[in-house]
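Look at the structure first, then read on.

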Amino acid sequence: MKNDCIFCAMAAGEIPCFKIREDGDVIACLDINPFSRGHTLVIPKRHSTGLLDTDDATLAAVIADVKKIAAHLKEKLGADGFNVLQNNGAAAGQSVSHLHFHIIPRRNGDPLVFENGKGDMEELKALADAIRM
Ligand code: AMP
Ligand code: ZN
């Protein structure tokens, strides 16, 4: 665990998040400033910064979870598709320096926006309760 890392603190349960799944290695929680309804972050518990400094076993565990969670979100939210996004470095728009994959559910006809919205905390709580795995 890295001091001052918000995702390490979330993974350790030290600060709250809208968690929808937890297994041995990984947590998944709703993004508080979602690109779309159900925008989820899949976060390995062990700290690494991005793709290049993460060991292959951890990457394999995380991407397997991304697949499971994406299928679940698609079904529960009636999404038609989804984006998987993973940013590396400030130049690529990474704002939290702890590896994470975004799953962004998409519906036919929605605007294809890659921009943070402003999350409503009550709605996020209700959504997390509704789709928890
Ligand atoms: P990135 O730009 O790839 O580093 O994405 C970081 C994401 O984390 C952004 O979409 C933020 O909205 C999201 N985020 C930051 N703090 C929190 C938090 N406490 N709980 C959930 N999502 C967060
Ligand atoms: Zn961390």
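A polar contact here is a pair of N or O atoms within 3.5 Å; within protein, one must be able to donate a hydrogen and the other to accept it, and residues adjacent in sequence count only if both atoms are side-chain atoms. This is a predicted model, in which local features need pLDDT of at least 70 and side-chain atom pairs count only at pLDDT 80 or more, while totals for chains, interfaces and linings use all residues. Residues are numbered from 1 along each chain as its sequence is written, chains are lettered from A and ligands numbered from 1 in the order in which they are written, and side-chain values use heavy atoms, with hydrogens and water left out.

Start with the contacts of ligand 1. A polar side-chain atom of H100 lies 2.8 Å from an oxygen atom of the ligand. The side chain of N87 places an N or O atom 2.9 Å from a ligand oxygen, and for V96 a polar backbone atom is 3.0 Å from one. Taken alone, ligand 1 exposes 510 Å², and the protein buries 88% of that (accessible areas come from the Shrake-Rupley method with a 1.4 Å probe).

Around ligand 1 there are 16 residues, and D31, G93, S95, H100 and H102 come nearest (a residue is near if one of its heavy atoms lies within 4 Å). Helix α1, residues 6–11, supplies the largest share of this shell, 3 residues.

The volume of the largest pocket is about 430 Å³. Its lining has 22 residues, with F7, D31, I32, L41 and V96 nearest the centre. α1 gives the most to this lining, 3 residues.

The second largest pocket has a volume of about 170 Å³. Among the residues lining the second largest pocket are P34, R37, K118, D120 and L127.

Notes:
Helices (H or I, at least four residues) and strands (E, at least two) are DSSP runs, numbered from the N terminus. On a 1 Å grid over the protein atoms alone, a cavity is a set of points where a 1.4 Å probe fits but cannot get out, and a pocket is an open set with protein on both sides within 12 Å along at least five of seven lines; lining residues have an atom within 4 Å of a point. Grid points are joined across faces, edges and corners, and a volume is the space filled by probe spheres set on the points.
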